[in-house]
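Here's a walk through a single chain, taken step by step. Have the sequence and the 3D view ready, and let's go.

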Amino acid sequence: MLEVTLEQTGIRLDSIGRKLRILTFNKLNQLTDMLENKVIENLSGKILKKQSGALLESVHKNIEQSGDTSIGRVFISPETTKAWVLEKGGTRSYMIEPVK
């Protein structure tokens, strides 16, 4: 999972004014969209070649606000075996054999 977190230290987000909160949320939304698009681009052939499309279709984004914290996440759900291996490195070594 990739995560972008905006936190203000010393200044409470709920005290900075409605207009600035909206601008901050819009920027977080824009950054989360950019991150999601980059992940989709990488899974569409830039880094990994699309095979079944299951990994690509499981890419989602979520933006949450709670108190002084706003979080934008890009994640895989449902978590596929391929996604788990790419994120965690798998549970063993895998033999890579040429097909041509």
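Among contacts in the chain between residues at least 6 apart in sequence, what percentage join residues at least 24 apart? It's 55%, where a contact means heavy atoms within 4.5 Å.

Before going on, a word on what you're looking at. This is a predicted model, so local features need pLDDT of at least 70 and side-chain atom pairs count only at pLDDT 80 or more, while totals for chains, interfaces and linings use all residues. Residues are numbered from 1 along each chain as its sequence is written, and side-chain values use heavy atoms, with hydrogens and water left out.

How confident is the predictor? Its score, pLDDT, gives the confidence in each residue from 0 to 100. The chain has a mean pLDDT of 77, with 69% of its residues at 70 or more. Confidence is highest in strand 2 (residues 59–66), at a mean of 88, and lowest in strand 1 (residues 2–7), at 57. Where pLDDT is low, the predicted coordinates should not be read in detail.

Now for the layout. The chain has 3 helices and 3 strands, and from the N terminus the order is β-α-α-β-β-α. These elements are DSSP runs numbered from the N terminus: helices are H or I with at least four residues, strands are E with at least two.

Follow helix 1 next. Its 29 residues (18–46) reach 40 Å from first C-alpha to last, close to the 42 Å expected at 1.5 Å a residue; that expected span is 1.5 Å times one less than the number of residues. Its buried residues are L28, T32, E36, V39, N42 and L43. Beyond its neighbours within four places in sequence, N42 contacts I47 and L48.

V39 and L43 also belong to the largest nonpolar core, together with L55, L56, V59, V74 and A83, 7 residues in all. Helix 1 and helix 2 (54–57) each supply at least two residues of this core. Such a core is a set of buried Ala, Val, Leu, Ile, Met, Phe, Trp, Tyr and Cys residues joined through side-chain atoms within 4.5 Å. Setting aside residues up to four places away in sequence, L56 touches I40, L43, S44 and K50.

Finally, find S70 in strand 3 (residues 69–76). S70 counts as buried because its relative accessibility is 3%. Across the chain, buried residues make up 20% of the 100 residues.

Key:
Buried means under 20% relative accessible area, exposed over 50%, partly exposed in between (1.4 Å probe, protein chains only). pLDDT is the predictor's confidence in each residue, from 0 to 100.
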